[in-house]
Amino acid sequence: MRPDSQPPPIEMAASPKMNITCPHCQARLSVMPSQAGNAIHCPSCNGKFQVPIPMASPSGANSFGGFSSQSEVQAFASKKVTAGLCGILLGGLGVHKFVLGLNGPATIMLATTLGCLTVGACLIVPLFLVPVLHTIGFIEGIIYLTKSDEEFYQTYAIEQKEWF
Ligand SMILES: [Zn+2]
């Protein structure tokens with residue numbers, strides 16, 4: 001037993017193997033995750049015991065599958081009301097798009113609105129864009145609020161739809 005031969009104490013992330021403790025001799029063992037639930041013999045004391053099954057993910061969803069976990073959907077959907085209200089109240093400032101992480105179109109909205117209100121105020125012509133952008137934001141806010149959590153997640157987290 002050389003103390004410097006012990007593996008680094010990284011158990012969850014890096015190694016594909018599971019670290020378990022023999023219930024008979026307390027030896028630290030590495031097993032493949034596929035052995036979970038199977039009876040094995042401890043190589044140290046030859047005692048037989050069952051490999052514990054690791055904690056399943058809360059949703060039970062397979063993260064390698066095509067579907068995102070329910071908790072991920074809910075976490076994103078929790079932004080729905082915030083984004084919807086920001087769209088309705090602040091429309092043209094693009095805040096509702098920043099909330100959803102759509103920074104590209106959000107910046108366009110914010111820059112256009114601020115540009116119209118400052119530079120545009122002198123040029124007069126683009127001023128009409130301010131109510132247009134505000135109306136777009138207002139409509140987008142309404143759309144957000146009318147979508148179900150799943151639709152909302154699919155449209156704005158997966159597809160990252162930028163407008164409407
Ligand atoms: Zn043992």
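**Close-up views of a predicted model**

**View 1. Overall make-up of the protein.** Of the 164 residues in the protein, 16% are buried, that is, have 20 or more other C-beta atoms within 10 Å of their own, with C-beta atoms placed from the backbone. The model is predicted: local features need pLDDT of at least 70, side-chain atom pairs count only at pLDDT 80 or more, and totals for chains, interfaces and linings use all residues. Residues are numbered from 1 along each chain as its sequence is written. The secondary structure comprises 7 helices and 4 strands, taken as DSSP runs (H or I of at least four residues for helices, E of at least two for strands) numbered from the N terminus. Along the sequence, the pattern is β-β-β-β-α-α-α-α-α-α-α.

**View 2. The largest nonpolar core.** This core contains 13 residues; such a core is a set of buried Ala, Val, Leu, Ile, Met, Phe, Trp, Tyr and Cys residues joined through C-beta atoms within 7 Å. Ala 83, Leu 100 and Phe 152 have the most contacts inside the core. Two or more residues come from each of helices H2 (80-90), H3 (95-100), H6 (129-146) and H7 (149-158), and H7 gives the most, with 3 residues.

**View 3. The packing of helices H4 and H6.** Helix H4 (residues 103-117) packs against H6 at an angle of about 150°, with the axes 9 Å apart. H4 is therefore roughly antiparallel to H6, a term for angles over 145 degrees. The contact (C-beta atoms within 7 Å) involves Met 109, Thr 112, Thr 113, Cys 116 and Leu 117 of H4 and Leu 129, Val 130, Leu 133 and Gly 137 of H6.

Technical notes. A residue is buried if 20 or more other C-beta atoms lie within 10 Å of its own, exposed if 12 or fewer, and partly exposed in between; C-beta atoms are placed from the backbone. Axes are lines fitted to C-alpha atoms, for helices over the stretch in contact, and angles run from 0 to 180 degrees between N-to-C directions. Angles under 35 degrees count as roughly parallel, over 145 as roughly antiparallel, 65 to 115 as roughly perpendicular and the rest as oblique. Two residues are in contact if their C-beta atoms, placed from the backbone, lie within 7 Å.
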